[in-house]
Amino acid sequence: MQASPSFDAAAGPGGGPSVQISAARPGPDQPAPKRPDWATAGLFLDDGSVFWGRGAGAAKTVLGELCFNTSITGYQEILTDPSYAAQIIAFTFPHIGNVGTNAEDIETTTPAALGGVFRADITDPSNYRSAQHLDGWLKSHDLPAIAGVDTRRLTRRLRDGGAANAVLRHDPAGDFPVGDLVDNARAWPGLEGMDLAKDVSCTQTYNWDETGWSWGEGYGRQSEPRFHVVAMDFGAKRNILRSLASLGCRVTVVPATASAEEILRHKPDGVFLSNGPGDPAATGAYAVPVIRQLLKFDLPVFGICLGHQMLALALGAQTRKMHHGHRGANHPVKDLETGKVEITSQNHGFEVDAESLPAGVTMTHKSLFDGSCEGLKVEGRPVFSVQYHPEASPGPQDSAYLFERFVADMAEAGQT
């Protein structure tokens, strides 16, 4: 099979997108796609595609699932979202780096994402809150990136062909054994069957009281909580915890492997099931029995993203890998009870099979992109979950009311 023609392969460091595609793993009768002299990074897909570009961030090689995110803001929050463990993120928005980075816009201290793919070279920061250039921030977190990639073409590949395994290599010396790198991408087993929550979860219980960010003041502290929430940490984003604290909750965060007895020992008013990475069925091997135990009590339960999938599994439903997943801040979701449409922030590669929901469990929200299940509730009980991210960070805040619903459930439960 012949390699398809290079796209702007002669473009230099100041030129346009630099991508060269080969349709199959180079063999004896098919030489590997030639690296342009200026290219210091490459992206190698399991279908044999090779994208050349300019390296940024750390000089290293990473291997994982390649996905795309359609958000136009919030690249720092995205790169620090624990749900991106074992994933390389291709940003469809071309200007990444324009607001720089700072110590506040993070969702976890140690990023779990593997690296980034950018259309243009990292933009110099132009924002009063910027404390560090994105390139320097990437280096400080040992994250590699590749710039100058035709991300429109790459996104079409992922949209049409599904999620891909990929190797991202940044090597200023120009050492790129293309055949071996493609083989490595093909040999990677993929996210199905992977329990990644244990890799990003806390290892010991801790308390959280930080509230939302305010201009000129930064983050606040919750000093007079009305409710006590125990959060099962499958890879919780900080802004979820802040959203709970801002509404009067004292939050105790427990590891993903915590037992029902450990959770109940804290005497919570409600239990929160957090977001996180990996295959929900794999994490469910130890988390689902715990959630089933908790459901025997009259405690309000609220789940987000992986927590939504964990709750569904505990109720008897099934989950499955999606074709290419939902990742971005512009996903329309319909509330089936009110008819309202919310624009939501999302990040997931697995979904709950709506057809598998058992009697007594209702789908409450639906994606207007593909009709997939975006929310559920247990009839007659204060137990519900959503697939998307009502805390945003980044993204719209249309769905923040869901935290208020959880707090209202705890208030009502405390009066009965």
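## The sheet as a whole

Two strands are taken as paired if DSSP finds at least two bridges between them. On that basis the model, which is predicted, contains an open sheet of ten strands with mixed pairing, in the order β8-β12-β11-β13-β14-β19-β18-β17-β15-β16. The edges are formed by β8 (206-208) and β16 (341-352), each of which has a single partner strand, so one side of each is left without a neighbour in the sheet. From one strand to the next, the twist averages 25 degrees.

## Strand β19 and its two partners

Within the sheet order, β19 stands between β14 and β18. Strand β14 (residues 301-304) pairs with β19 in the parallel sense over four bridges, and in this pairing Gly303 stands opposite Ser385 of β19.

## Burial of β19

Which residues cover the two faces of β19? Val383 and Ser385 lie on one side, while Phe384 and Val386 lie on the other, and all of these residues are buried, so that both faces are covered, where buried means under 20% relative accessible area.

Methods
Residues are numbered from 1 along each chain as its sequence is written. This is a predicted model: local features need pLDDT of at least 70, side-chain atom pairs count only at pLDDT 80 or more; totals for chains, interfaces and linings use all residues. Side-chain values use heavy atoms; hydrogens and water are left out. Axes are lines fitted to C-alpha atoms, for helices over the stretch in contact, and angles run from 0 to 180 degrees between N-to-C directions. Buried means under 20% relative accessible area, exposed over 50%, partly exposed in between (1.4 Å probe, protein chains only).
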